[in-house]
Number of protein chains: 4
Amino acid sequence: MREEGGAERRRDPVATKAALLKAAVAEFAAKGLAGARIDEIAQRAGVNKQLVYHYFGSKDDIYRAALEQVYAEIREREKALHLGDLPPLAAMERLIGFSFDYLAEHPEFLALLADENREAARHIRGSERLEQMHSPLIALLKEALERGAEEGVFRRDLDPVQLYISISGLSYFFFSNNFTLSAIFGRSLDTPKAVAERRRHVIDFAMKALRP
Amino acid sequence: MREEGGAERRRDPVATKAALLKAAVAEFAAKGLAGARIDEIAQRAGVNKQLVYHYFGSKDDIYRAALEQVYAEIREREKALHLGDLPPLAAMERLIGFSFDYLAEHPEFLALLADENREAARHIRGSERLEQMHSPLIALLKEALERGAEEGVFRRDLDPVQLYISISGLSYFFFSNNFTLSAIFGRSLDTPKAVAERRRHVIDFAMKALRP
Amino acid sequence: MREEGGAERRRDPVATKAALLKAAVAEFAAKGLAGARIDEIAQRAGVNKQLVYHYFGSKDDIYRAALEQVYAEIREREKALHLGDLPPLAAMERLIGFSFDYLAEHPEFLALLADENREAARHIRGSERLEQMHSPLIALLKEALERGAEEGVFRRDLDPVQLYISISGLSYFFFSNNFTLSAIFGRSLDTPKAVAERRRHVIDFAMKALRP
Amino acid sequence: MREEGGAERRRDPVATKAALLKAAVAEFAAKGLAGARIDEIAQRAGVNKQLVYHYFGSKDDIYRAALEQVYAEIREREKALHLGDLPPLAAMERLIGFSFDYLAEHPEFLALLADENREAARHIRGSERLEQMHSPLIALLKEALERGAEEGVFRRDLDPVQLYISISGLSYFFFSNNFTLSAIFGRSLDTPKAVAERRRHVIDFAMKALRP
DNA sequence: AATGAATGAGTTTTCATTCAT
DNA sequence: TATGAATGAAAACTCATTCAT
């Protein structure tokens, strides 16, 4: 009864660290870097506050670790899409759908990025690890674009990075600003129906834009 | 002998309040609601901290005021576009370009929205004032879409709200996540050249998607 | 009953600051810089802890202020001796006696200096104010030595700074190390009798050393 | 595979304890009792923090051990002077010179004593061991004074304990307050030249004071 | 209207110490 | 003997807010 979730854990550094990281992602996503409380992270993880310092060093350090964690997770999932094995149109549609679904299911990812950007990405700027982590994705996209152009189903003049930003942006803005958009348009955008509708629109919109 | 320097502004409520609001927008944009400091806002405005309470009531209250302020500004600018007076294609292109340019020039707008969304828009949710402020925009967009469909230059099946979100998203994500995108792609996206390039891509991408 | 000493004091910045400084001298003397507690200083002064930060900035800053305070006090007292108006032998004896008595009555002065020296005087190093404060004393001593040499009662080859250090040292060490000396010699050196005995010894010892 | 580097010292209690004690002397001298960190002591000694508790019991206990250690060292050195074998004048001069040189070379001795005195010598008060350790020194001094008085080179009325305190004080104050003295007199007292000059002054001053 | 003084409740971080192996 | 994990109690410092003028 002393812990919120997870097995009985005493003197299990690996589990402790993982629990802290998970709790940190949740807390930072919910309140941002400034609003998050170390106390709360420790409590969510069911351990003593000092362990945050023992394992991570400082609030900034565990924040950085949380960021790397969520990036690693999404990249992991993208890798599992096996885009290279699909025909260009199918690959593109799967990627767009995945981008949408991932953001729908991982609001904490969005929240962490938003905060990090306000601080000009000072925690991850210049991280070679993150850069290497993302280059395969761009390579895959590039290859799909080329194959599609070959087959005559895609335009020839698309930059894969710009395309990635566009695909992400169509979904991202809907989720990141879901509440303010709902407020200014007086229309609930977080219902399952509204989400499904948006999903269709995004795929359709992007695919149309790729036509030659 | 009773004052030290700076512009004469003692006993000028209107100017004081405006100065506080401007300072608040800057401070909240830079640090978020939790990270912002009342002290700092007062200092930026060159007045005593207590006046924040005098004029606005509380931190949350001045935050809400800052939000309404930035929304009012962008809507003001959109109104000045006179989209209704242009042919559909031109109107659409102007709107897309404006959305891009406004975000480029008003990073504080982005920053405020990001924070408000993490808190589920609790400060502006249900604000009828904001809703009314935005309905003319949607009406204009709807009308442009209809005219364009009539002329055969736009698809028929587009929802103006979805389209607005898509147009905004293509620009928004680029700016809101400019720093993290730069970091993961190892490519500076905040140079004038990168911004101009993105602008071209966004207009081109969106216009292509609207084709019948 | 809410304050330890001093008059009722609300919204009296000068009195508040003075009370804090007095409390700081006592606390730092008793526990050293590292051992002193800001909380305790505020409590001793009967005010809120935050006022320490309001008026002084930080723990180090109020520590520096406490040091300057005790130096100012001793110099004030030395000035009141009017050594220049006395014949050389009398002037010297009065100075030696004063040095002894002041340390006897101001253990906090010793304690503060001890701590500051362990930190290589980092708080006062290079303080022009302190240097200027002390130069008149050395000038007076120099003049007394010269007059005494003229009259044939003092040796000719004495450096006033060295002499000052010697005079101070004979008293200082007795007080600064009173407890450890008592412990290793198994002899209480803090009784009135022991102090009086030491006083006689110091004056006698120093005056003998000055003979030509 | 179980150790990372450094000298072989696993399972060598004597060496471990000595390393801890040496590290403790350095740490306590540098930061005082309150400012010293158990963690730091362990790290300086290259062992686990828990061993401090294993071998010494608590922070106070290892502090006490450090104090006894430095006292034992200086007494050891004094014993090696063989003052009893020298003629009175030579013995006295050697003792004065030694007192000066030892303090010059052992700043940690001074630093430890200063802290212990602020706490009224609570760690060593009543230590019979220390008292016995020091009585031979006083006996030697007494005997030298008597022999000198016999020979007519020293005054007759000197108490050996007072004399010891005076001799020590002349050197001690110079070193213990070297930094604050440098600051208030605007004159570097820690250069080799200044130290040599002070050494001459101290010996000269004390020897002059002993003349009949 | 405007100010500076003052406060209480936090917040990150530190640290001596104990536990489990 | 030796280690790293874990803890509870505090410490410096912060901050939104209220008070008195």
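Start with helix 2 of chain C, residues 38-45, where the buried residues are C:Ile41, C:Ala42, C:Arg44 and C:Ala45. Those four span an arc of only 160 degrees around the axis, so they sit on the same side of helix 2 of chain C. The arc is taken from the directions from the helix axis to the C-beta atoms. Buried means 20 or more other C-beta atoms within 10 Å of the residue's own, exposed means 12 or fewer, partly exposed is in between, and C-beta atoms are placed from the backbone. Helices are DSSP runs of H or I, at least four residues, numbered from the N terminus.

What covers that buried side? Helix 1 and helix 3 of chain C are included in the cover. Just after helix 2 of chain C comes C:Gly46, with a positive phi of about 75 degrees.

A word on the source. This is a predicted model: local features need pLDDT of at least 70, side-chain atom pairs count only at pLDDT 80 or more, and totals for chains, interfaces and linings use all residues. Residues are numbered from 1 along each chain as its sequence is written, while chains are lettered from A and ligands numbered from 1 in the order in which they are written.

Next, chains A and B. The contact takes 46 residues from chain A and 46 residues from chain B; contact means C-beta atoms, placed from the backbone, within 7 Å. On the chain A side, helix 8 of chain A gives the most, with eleven residues. By class, that side has 22 nonpolar, 15 polar and nine charged residues. Asp, Glu, Lys and Arg count as charged; Ala, Val, Leu, Ile, Met, Phe, Trp, Tyr, Cys and Pro as nonpolar; the others, Gly among them, as polar.

How are the two copies related? A rotation of 180 degrees, with 0.0 Å of shift along its axis, superposes chain A on chain B, RMSD 0.1 Å. The two copies are thus related as by a two-fold rotation axis. In chain A, A:Ala209 comes closest to the axis, at 2.0 Å (C-alpha). And 100% of the interface residues of chain A are also interface residues in chain B, so the copies meet through the same surface.

Notes. Contact = placed C-beta atoms within 7 Å. Helix = DSSP H or I, 4+ residues; strand = E, 2+ residues; numbered from the N terminus. Least-squares fit on C-alpha atoms with pLDDT ≥ 70 in both.
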